[in-house]
Amino acid sequence: MHKILSQDYLKFPWLIKALNAGGMGSWLWDLQSDDVYMDEGEQTLLGIATNDNKVNAERFFERVHNDDRDRVRGQVEQAMRENITFESEFRYLKPDGRVIWLGARGDSVAVDDRNYKHFAGVNWDLTSIKEAEAQADYIAKEMAHRVKNIIAMIS
């Protein structure tokens with residue numbers, strides 16, 4: 001595991017329990033090497049298993065849904081450029097072929113208190129929420145259609 005990530009977890013063992021309880025995974029992106037170090041929760045969430053707890057950032061972005069990829073990259077770049085919090089929702093293609101929705105937040109990290117050479121954050125699964133939103137939208141459209149039909153029949 002990455003030295004910085006493992007040290008942080010040793011200092012804050014409750015953090016692992018809190019992330020797991022929230023169904024979240026955490027990551028640390030080393031901007032110099034372009035490697036993303038992931039905790040166990042993140043690997044499980046993404047369906048990625050590695051021996052060294054890291055993947056190249058490009059490997060992650062390749063799995064972001066084609067329709068979301070450019071937007072997410074732009075949001076990440078803007079957050080890093082402007083030193084603001086990255087927030088996004090996007091679709092992700094798991095290795096087993098399933099598409100899930102992820103929520104994400106991240107921030108620049110100055111490991112040496114001067115240089116922002118890392119970007120750290122969390123992801124969580126939004127799939128059930130997005131499915132419920134889609135179903136509610138479908139029901140609302142169906143109800144509107146039926147009301148229009150009833151009004152047309154009355155007229």
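Predicted model: local features only at pLDDT ≥ 70, side-chain atom pairs only at ≥ 80, totals over all residues.
Let me start at Thr50, which is found in the loop between helix H3 (40-46) and S3, where helices (H or I, at least four residues) and strands (E, at least two) are DSSP runs, numbered from the N terminus. Thr50 counts as buried at 17% relative accessibility, and for the rest of this talk buried means under 20% relative accessible area, exposed over 50%, and partly exposed in between, with a 1.4 Å probe and protein chains only. The side chain of Thr50 reaches the backbone nitrogen of Asn53 at 2.8 Å; a polar contact of this kind is a pair of N or O atoms within 3.5 Å, where within protein one must be able to donate a hydrogen and the other to accept it, and where residues adjacent in sequence count only if both atoms are side-chain atoms. If we leave out residues up to four places away in sequence, Thr50 touches Gln43, Val55 and Arg59, contact meaning heavy atoms within 4.5 Å.

Residues are numbered from 1 along each chain as its sequence is written, and side-chain values use heavy atoms, with hydrogens and water left out.

Now to the chain as a whole. The protein chain has six helices and six strands, and from the N terminus on its elements run α-α-β-β-α-β-α-α-β-β-β-α. The radius of gyration of the protein chain is 20 Å, well over the 15 Å that the globule rule gives for 155 residues, so the chain is more spread out than a compact globule; the radius is taken over C-alpha atoms, and the rule is 2.2 Å times the number of residues to the power 0.38. Taken along the principal axes, the C-alpha atoms of the protein chain fill a box of roughly 75 × 30 × 30 Å. Of the 155 residues in the protein chain, 34% are buried, and among contacts between residues at least 6 apart in sequence, 42% join residues at least 24 apart.

One pair of residues gives a sense of distance here. Ile16 has its place in helix H2 (residues 13-21) and counts as partly exposed, at 37% relative accessibility. Ile16 and Gln32 are 16 residues apart in sequence, and 26 Å apart in space from C-alpha to C-alpha.

Let me turn to the sheet. Strands of a sheet pair through backbone hydrogen bonds, either parallel or antiparallel. In this model, six strands form an open sheet in the order S3-S2-S1-S6-S5-S4, with antiparallel pairing, and two strands are said to pair if DSSP finds at least two bridges between them. S3 and S4 stand at the edges with a single partner strand each, so one side of each has no neighbour in the sheet. From one strand to the next, the twist averages 30 degrees, with axes as lines fitted to C-alpha atoms, for helices over the stretch in contact, and angles running from 0 to 180 degrees between N-to-C directions. S5 and strand S6 (residues 116-125) run antiparallel and are joined by nine bridges, and Ser108 stands opposite Phe119 in S6.

How many salt bridges does a search of the whole structure find? The search finds nine, a salt bridge being a side-chain nitrogen of Lys or Arg within 4 Å of a carboxyl oxygen of Asp or Glu. One of them joins the side chains of Lys54 and Asp35, at 3.5 Å from N to O. That pair links distant parts of the chain, with Lys54 in strand S3 (residues 54-56) and Asp35 in strand S2 (residues 35-38), 19 residues apart. Lys54 is partly exposed, with a relative accessible area of 27%, whereas Asp35 counts as buried at 14%.

Another salt bridge is formed by Asp68 and Arg71, whose closest N and O atoms are 3.5 Å apart. Both residues lie in helix H5 (residues 66-82), three residues apart, which is about one turn of the helix. Is Asp68 buried or exposed? Asp68 is buried, with a relative accessible area of 4%, while Arg71 is partly exposed, at 36%.

The last pair I will show is Arg105 and Glu87, whose side chains meet in a salt bridge at 3.7 Å, N to O.
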